[in-house]
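Q: I'm new to this one. Can you walk me through it?

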Amino acid sequence: MGFKKGWDIPEIISQIHSLARECSSPHNDGFTAFECKKDLYQIQSIINDTLKRAPSFGNDEEEWLTKQEQQRILKILKS
C-alpha cells in the first residue's frame, strides 16, 4: 500500500485564501482584520520553522523550487 496523505492541499490553500480575504475585507474593522493577519503570520512562522528543520533533497528539490518560481513569474507576466 502506498503513502496516504493525511492532509488536503487544496483545502489548506482555500482556507488561507479565505483568511486573506477576511484580512483585506472593507467590511471588517481594524481589530478583526488584524486578528486575521496575526493568524497568517502564525501560519507563516510554522511553515518557515518546519521547512528549516526538514531535510534537503538536493538537486530534485532545487529543480522543483526553480520550476515553481518560473511558474509564479509566468503567472505574474500573464496578468
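Q: Where is Ile12 placed?
A: Ile12 sits in helix α1. Keep in mind that this is a predicted model.

Q: Is Ile12 buried, partly exposed or exposed?
A: Ile12 is partly exposed. Its relative accessible area is 38%.

Q: Which residues make the nonpolar surface patch?
A: Ile12 is one of them.

Q: Which helices each supply at least two residues of it?
A: Those are α1, residues 9-24, and α2, residues 30-53.

Q: And which gives the most?
A: α1 does, with four residues in the nonpolar patch.

Q: What is a disulfide, anyway?
A: A covalent bond between the sulfur atoms of two cysteines.

Q: Is Cys23 buried or exposed?
A: Cys23 is buried, with a relative accessible area of 18%. The cut-off for buried is under 20%.

Q: What about Cys36, buried or exposed?
A: Cys36 counts as buried too, at 11% relative accessibility.

Q: Let's switch to charges. How many salt bridges does a search of the whole structure find?
A: Two. In one of them, Glu35 pairs with Lys38, and their closest N and O atoms are 2.7 Å apart.

Q: How are Glu35 and Lys38 placed in helix α2?
A: They are three residues apart in α2, so about one helical turn separates them.

Q: Which residue forms a salt bridge with Glu69?
A: Arg72 does. The closest N and O atoms of Glu69 and Arg72 are 2.9 Å apart.

Q: Which helix holds Glu69 and Arg72?
A: Helix α3, residues 58-78. Glu69 and Arg72 are three residues apart there, so they too are separated by about one helical turn.

Q: Are they buried, partly exposed or exposed?
A: Glu69 is partly exposed, with a relative accessible area of 38%. Arg72 counts as partly exposed at 45%.

Note on methods:
Residues are numbered from 1 along each chain as its sequence is written. This is a predicted model: local features need pLDDT of at least 70, side-chain atom pairs count only at pLDDT 80 or more; totals for chains, interfaces and linings use all residues. Side-chain values use heavy atoms; hydrogens and water are left out. Patches are made of residues with over 30% relative accessible area and no salt bridge: like charges are joined within 9 Å, nonpolar side chains (Val, Leu, Ile, Met, Phe, Trp, Tyr) within 5 Å. Accessible areas come from the Shrake-Rupley method with a 1.4 Å probe; for residues, only the protein chains shown count as cover. A salt bridge is a side-chain nitrogen of Lys or Arg within 4 Å of a carboxyl oxygen of Asp or Glu. Buried means under 20% relative accessible area, exposed over 50%, partly exposed in between (1.4 Å probe, protein chains only).
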